[in-house]
Amino acid sequence: MTRQIFLDTETTGLDPKQGHRIIEVAGVEMINRRPTGKHFHRYLNPEREIDAGAVAVHGLTTEFLQDKPHFADIADELLEFLTGAELVIHNAPFDIGFLNSELTQLKRPPMSEYCPDVLDTLKLAKDLHPGQKNNLDALCRRYEVDNANRTLHGALLDAELLAAVYLGMTRGQESLMMAVEVEQVVRAPVGSAQHAAIHVINADATELAAHQDTLTAIQKESRGACLWLAEQAG
């Protein structure tokens, strides 16, 4: 089982070494490339002013956050949600740096103790699309993810959008996982007396339509090089 948390934070500024704090944190859970519907989301009182440039990005003000909990109040709940998962973060060093700063103030171990595996989707995007814009808005356009509601940055919305973009960026891995599952079934031990009957389950109309949508997307991304569609046409 592969458990991933798509994580995002909003902050009072750009550098935790200058005393900037996390003011919003959100994580969206996915297991085996399927969203589970579970998420974590909190606004936080940073106990300091927020840079004007940061407010312009996320719209969160000191007044709005005055009655919100402090990071120390939600740390245990957050770490319980995150522990053991692979974290998927766009520009991971930024968010991990802020989380580590908050944990240090609480005399807690760094994030690597709770989540050793971190995937930086910004680095992945740069590897896939060198020389192009690879911020989240650009990736949403590239992978046809609807981000019409993203007028300002928000941790929960951005985590949800990142999960959708990630599925588009790594679509080939889904076929790989299916191949591994099939191989495990083929190699499963069978009784020496007789083989079990093989039951064939045909795809229903919804599944066939979803399969065709995936092939169409592959055809578009590969600029007409989808072998499956070529076989169908032949």
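Strands S2 and S3 run antiparallel and are joined by seven bridges. Within this pairing, Val 28 sits opposite His 39 of S3. Two residues separate the strands in the S2–S3 hairpin, where Asn 32 adopts a positive phi near 50 degrees. This is a predicted model.

**The sheet**

S2 and S3 belong to an open sheet of five strands, ordered S3-S2-S1-S4-S5, with mixed pairing. The edges are held by S3 (34-43) and S5 (118-120); each has a single partner strand, so one side of each lacks a neighbour in the sheet. From one strand to the next, the twist averages 25 degrees.

Leu 87 has Val 118 of S5 as its bridge partner. The two pairings are set out below.

| Strand pair | Direction | Bridges |
|---|---|---|
| S2 and S3 | antiparallel | seven bridges |

Strands of a sheet pair through backbone hydrogen bonds, in either a parallel or an antiparallel manner.

**The helix on the sheet**

Which strands does helix H3 touch? H3 (residues 71-82) packs on the sheet and contacts S1 (3-11), S2 (22-31), S3 and S4. The direction of H3 makes about 170 degrees with that of S3.

**Confidence**

The protein chain has an average pLDDT of 86, and 75% of the residues score at least 70. Residues 175-196 stay under 50 in pLDDT. For that stretch the model has three contacts beyond four places in sequence.

Conventions: Residues are numbered from 1 along each chain as its sequence is written. This is a predicted model: local features need pLDDT of at least 70, side-chain atom pairs count only at pLDDT 80 or more; totals for chains, interfaces and linings use all residues. Side-chain values use heavy atoms; hydrogens and water are left out. Two strands pair if DSSP finds at least two bridges between them. Helices (H or I, at least four residues) and strands (E, at least two) are DSSP runs, numbered from the N terminus. Axes are lines fitted to C-alpha atoms, for helices over the stretch in contact, and angles run from 0 to 180 degrees between N-to-C directions. Contact means heavy atoms within 4.5 Å. pLDDT is the predictor's confidence in each residue, from 0 to 100.
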